[in-house]
Amino acid sequence: MYSQKVMDHFMNPRNVGEIPDADGVGEVGNPKCGDIMKMYLKIKDGVIEDVKFKTFGCGAAVASSSMATELIKGKTIEEAMKLTNKAVAEALDGLPSIKMHCSVLAEQAIKAALLDYSKKHNVHIPGLENVNLDEDPHHHEHESDE
Amino acid sequence: MKKYIYMDNAATTPVKKEVLEEMLPYFSEKYGNPSSVYSLGSASKRAIEDAREKVAKVLGANPKEIFFTGGGSESDNWAIKGVAFANKHKGNHIITSKIEHHAVLHTCEYLEKHGFEVTYLDVDEYGVVDLEQLKNSITDKTILISIMFANNEIGTIEPIKEIGEIAKGRNIYFHTDAVQAVGNIRIDVNELNIDLLSMSAHKFYGPKGIGALYIRQGVKIDPLIAGGAQERNRRAGTENVPAIVGMGKAIELAYANLEEKNERIRRLRDMLIEKIQANIPYVRLNGHPTKRLPGNVNMCFQYIEGESLLLSLDMEGIAASSGSACTSGSLDPSHVLLAIGLPHEIAHGSLRLTLGEFNTEEEIDYVVEKLVKIVERLRSMSPLYEKVKEEK
């Protein structure tokens, strides 16, 4: 069902935990739907110096969070803003179609954390104004019943 | 070799060696079509009738009341659609429960699109159907009551005798999906006033793709599959002779020393439940504490999600199942767990471990040991658990 990379990131997730003095924290998802992602960012001079996550969810949700943190660590805010859910899924060697919403959630978690950072530090991040974090990714991905 | 522990016996069971041995000659030696007149054909015919007698004997039924099908789902479809269409001149109302298998629920939903009305009974917190609601739901249009013998997810055994009496008293057909019960519980269709009963061989160490429907003599039912005179004109198609032979042998073995076997499995079940409760906080047992299938353990582990539990268990060589949305392929967690009143977020963290004849005490200890570590790891990653710790 899952690629080896997904299983690796599920069994040995990178960057799990919290950052107590995080510059931005974002939480997306809903326990009702069975997945919540919480992302912590430490940002200095426009660069994501450190990132940690905590996730309640399935294997794909944990692996997507882990991969997303790897893809943005050390990158600029601008680069992190460009990260798409498809890039997360591709980096994991693909996700089953009914699990694509997990990668959407990972993308949203990063943007939620960046939004929190931009508010707290009064920094304008281009592109964030168009992000809809309330959008439920499930509704796009579960159209076909297996 | 790495250990492999199979605790998903409610999903399916391995075919026993004795069963397989009985089946083998019917593939390439005694391959005759049972409908043929020559002796190779009549050997197959005899083998089928022999198996039919074995199934009938276990249920206290007449062999003429046993009809082989392609499995439990077909039996459920046949019983419900067949009775509904054959009796629609009498009424169009069917009563079932909210916790039935989808083979029953989806069949009822199909019938609703074809002019039938269906009442879905509630269950209590343990998954037991509400008998008062059942009595109050019956109208003069009610033609069928279909309630499962035992639930496949939470293992709760339903008050079948009481339901049978209610149905008989009102002259309504009573069908029970006994797929999880046959092979685990002694059943007498006359004592329990059952008119139709579905079963499936692969749940009791028989082959997959074979099942049966018990139909009480005199019950009016349409065929589901047309096209031949097999099964006394009621189920067309060349019989799956090896599988039927396997089913006969498997049911005979299942009931040979049932009480002794169940006592052992029940002891292992209770041991597993107690050890999980003693070693892991924030767990709850789903289903009835005592009126449950001998091998069924179903628990919710709060603050974690079921699929991640299953994947982690699989990495340790343990096979189990869950009612989380991620494993059901839909948005919602199991309809059974929601029907017993669990909130979505708790239902997502369910784990079903179902024991069978081949499980051992050592396996119980191994599973508990691994489960403690897995739950701890997943909770350490969970933002929900973090909040619980903060509140303490």
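**One crossing and its surroundings**

Guide: H2(A) and H5(A) cross in a right-handed way (left-handed would be the near helix turned anticlockwise from the far one by less than a right angle, right-handed is clockwise). Helices here are DSSP runs of H or I with at least four residues, strands are runs of E with at least two, and both are numbered from the N terminus. Bear in mind that this is a predicted model: local features need pLDDT of at least 70, side-chain atom pairs count only at pLDDT 80 or more, and totals for chains, interfaces and linings use all residues. As for labels, residues are numbered from 1 along each chain as its sequence is written, while chains are lettered from A and ligands numbered from 1 in the order in which they are written.

Back to our pair: H2(A) packs against helix H5 (residues 100-120) of chain A at about 45°, with the axes 8 Å apart. That angle makes H2(A) and H5(A) oblique to each other. Axes are lines fitted to C-alpha atoms, for helices over the stretch in contact, and angles run from 0 to 180 degrees between N-to-C directions. Angles under 35 degrees count as roughly parallel, over 145 as roughly antiparallel, 65 to 115 as roughly perpendicular, and the rest as oblique.

Who touches whom? From H2(A) come A:Ala60, A:Ala61, A:Ser64, A:Ser65, A:Ala68 and A:Ile72, and from H5(A) come A:Cys102, A:Ser103, A:Leu105, A:Ala106, A:Ala109 and A:Ile110 (contact means that the C-beta atoms, placed from the backbone, lie within 7 Å). The contact of H2(A) with H5(A) holds nine nonpolar, three polar and no charged residues.

S2(A) and S3(A) run antiparallel and are joined by nine bridges; A:Tyr40 stands opposite A:Lys52 in S3(A).

Overall, the contact takes 23 residues from chain A and 22 residues from chain B. On the side of chain A that touches chain B, helix H1 (4-11), strand S2 (35-44), strand S3 (47-56) and helix H2 (59-72) of chain A give two or more residues. S3(A) supplies the largest share of that side, three residues. By class, the side of chain A that touches chain B has eleven nonpolar, six polar and six charged residues.

Step across into chain B and there's another open sheet, with seven strands in the order S2-S8-S7-S6-S5-S3-S4 and mixed pairing. Strand S2 (66-69) and S4 of chain B sit at the edges with a single partner strand each, so one side of each is left without a neighbour in the sheet. Neighbouring strands of this sheet are turned by 20° on average, direction ignored. Strand S7 (residues 196-200) and strand S8 (residues 211-215) of chain B run antiparallel through five bridges, and B:Met199 has B:Ala212 in S8(B) as its bridge partner. H5(B) packs on the sheet, touching S3, S4, strand S5 (142-146) and strand S6 (173-177) of chain B, at about 155° to the direction of S3(B).

B:Ile94 has B:Val118 as its bridge partner in S4(B).

Methods. Two residues are in contact if their C-beta atoms, placed from the backbone, lie within 7 Å. Ala, Val, Leu, Ile, Met, Phe, Trp, Tyr, Cys and Pro count as nonpolar, Asp, Glu, Lys and Arg as charged, and the others, Gly among them, as polar. Two strands pair if DSSP finds at least two bridges between them.
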